[in-house]
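Have the sequence and the 3D view open side by side, and follow along section by section.

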Amino acid sequence: MPASPRLTVIGTGYLGATHAICMAVLGFEVLGVDVDTDKIEKLSSGEVPFFEPGLPELLTKALESGRLRFTTSFAEAGAFGDVHFVCVGTPQRADSEAADLTYVDAAVTSLAPHLDRRTLVVGKSTVPVGTAARLAALLRSLAPAGDEVELAWNPEFLREGFAVDDTMRPDRLVFGVTSEWAEQRLRAAFQPVLAQDVPVKVTDLQTAELVKVAANSFLATKISYINAMAEVCEATGADVHDLAEALAYDERIGGRFLRPGLGFGGGCLPKDIRAFAHRAEELGVGQAVGFLREIDGINRRRRARTVDLVVELCDGDVAGKRIAALGAAFKPNSDDIRDAPALDVAATLHRMGADVVVFDPAAMENARRVHPELAYATSALDAARDADVVVLLTEWNEFRDIEPAAMAAVVRRAKIVDGRHALVPAHWRAAGWEYRALGRPS
Ligand code: UGA
């Protein structure tokens, strides 16, 4: 076996494409594998099928180096790879809160028949604890090499918008392994990353699986904690923005993920806390993480409260009112609209009879596809034209930079709801705006 293992990355969605591209740039021979021919064609021709700063340039570099190729063939993957990373999605099931493991199971069962020598398969997808042990047994039973095929778990912590940095210089690596050989293989597969003194936690499979959901649950809890404080602030006239800032000076608490507002969305946090609560119930320890249901509830209430604020500014009825919705993506620097609080609020206002016009710097195409009933503008100012209320839903920098007087000149009524605490209230009020934000006095 070569000193530097040849890598395959199965699943070229957000996580897999980033991993494949970065590993090739770091010097590995990499084969990206997907059942989606369209994705494979796009990536092979140098096109990243989603928005991620810095990634298109690295894809070009990786393709030019000749170290990165893509295929739809699992036979080719089996013949090529020494270490196979499984990076397919685990969305929420349509019929319950559990994670849908169809894609993970399909990846493993498609790859296994082609594993005829000693090989390491590494799960990166976010899965319910216990999945890795089941997949290890499945691999052994289906692979011609039998017990020679080992499974390890290496959860991924990358954030959309920072995917390249998080992959090249992660906070930590977690290796869930069942043998010394698997650990050494993983160390070889991450050698250039480890050379930068990135801490590694070596543990068992189930702990590695749990680290991921525990981390995302903690982050979701921190966000909902400050948003729960926002609810209390609203009832007392206190200011959650100042409260959060004052809390953040305590280094034990820290200010990251303590930004109040419309709450969390995206393809990870919401479905991960639900799947974790569901899995814990299956394991008979549902009570231990029962608070996650509360976290989810607080998060959903922020969306409803944002809608309420818009209704208040429309004197109790949004029907027939023109609302400018600034933002559609679940967070800035992303075109991802999965469980996006922004679109949830926009669609709810539309259902209530408002005339909603959306603008987002990156997510327009995705938003239009899923919400064709909404109207779309070409810029923030264009969206705000003749608006009765402007509502900021995703904190893109270009929205922070809006000149309040310039926007005041195009709206019908200068009223704004800052759903993300992204604007400086004094600037907006000085330009004649009625400024409202969740958890802040009016
Ligand atoms: C999240 C985790 O941060 C990553 O570590 C993890 O790898 C990833 O999920 C995953 O499981 O794949 P991501 O979904 O990209 O990453 O987004 P975050 O940056 O965590 O933001 C999540 C949501 O929380 C966004 O809607 C954001 O607007 C919201 N948020 C974040 C707040 O409302 N307040 C904050 O203070 C921080």
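## Parallel strands around β4

In this predicted model, strand β1 (residues 7-10) and strand β4 run parallel and are joined by four bridges. Ile10 has Val86 of β4 as its bridge partner. On to the next pairing: β4 is also joined by four bridges to strand β5 (residues 119-123), and these two run parallel as well. Here Val86 stands opposite Gly123 of β5.

Strand β4 itself spans residues 83-86, and both of its faces are covered. Val83 and Phe85 are buried on one side, while His84 and Val86 are buried on the other.

The domain assignment of the protein gives domain 1 (7-203) and domain 2 (220-437). Taken over C-alpha atoms, the centres of domain 1 and domain 2 are separated by 33 Å. The two do touch: 14 residues of domain 1 are in contact with 14 residues of domain 2. On the domain 1 side of that meeting, eight residues are nonpolar, four are polar and two are charged.

## The largest nonpolar core

Now for the inside. The largest nonpolar core holds 136 residues, and those touching the most other members are Ile21, Val310, Ile323, Ala325, Leu326, Val390 and Val391. Helix α10 supplies the largest share of this core, with ten residues. Because domain 1 (7-203) and domain 2 (220-437) both give residues to the core, it lies between them.

Setting aside neighbours within four places in sequence, Val390 is in contact with Ala324, Leu326, Ala384, Met407, Val411 and Ile416.

## Around the ligand

Which residues come nearest to the ligand? Of the 21 residues around the ligand, they are Glu160, Arg259, Phe264, Gly266 and Cys268. By class, this shell has ten nonpolar, six polar and five charged residues.

Helix α10 (residues 205-236) gives the most to the shell, with three residues. Why does the shell lie between the two domains? Both domain 1 (7-203) and domain 2 (220-437) give residues to the shell around the ligand, so it lies between them.

## Loop residues worth a look

Most residues other than glycine have a negative phi. Two loop residues have a positive value instead. Phi of Asn333 is near 60 degrees, and Asn333 is found in the loop between β9 (322-326) and α14 (341-351).

Look for Asp386 in the loop between α16 (380-384) and β12 (389-392). With 12 other C-beta atoms within 10 Å, Asp386 is exposed, as the cut-off for exposed is 12 or fewer.

Finally, Asp171 lies in the loop between α7 (163-168) and β7 (173-176). Asp171 has 9 other C-beta atoms within 10 Å, so it is exposed. In sequence, Asp171 and Pro199 are 28 residues apart, and in space they are 7.3 Å apart, C-alpha to C-alpha.

Key. Residues are numbered from 1 along each chain as its sequence is written. This is a predicted model: local features need pLDDT of at least 70, side-chain atom pairs count only at pLDDT 80 or more; totals for chains, interfaces and linings use all residues. A residue is near a molecule or strand if its C-beta atom, placed from the backbone, lies within 6 Å of it. Ala, Val, Leu, Ile, Met, Phe, Trp, Tyr, Cys and Pro count as nonpolar, Asp, Glu, Lys and Arg as charged, and the others, Gly among them, as polar. Domain bounds come from an automatic or database domain assignment. A nonpolar core is a set of buried Ala, Val, Leu, Ile, Met, Phe, Trp, Tyr and Cys residues joined through C-beta atoms within 7 Å. A residue is buried if 20 or more other C-beta atoms lie within 10 Å of its own, exposed if 12 or fewer, and partly exposed in between; C-beta atoms are placed from the backbone. Two residues are in contact if their C-beta atoms, placed from the backbone, lie within 7 Å. Two strands pair if DSSP finds at least two bridges between them.
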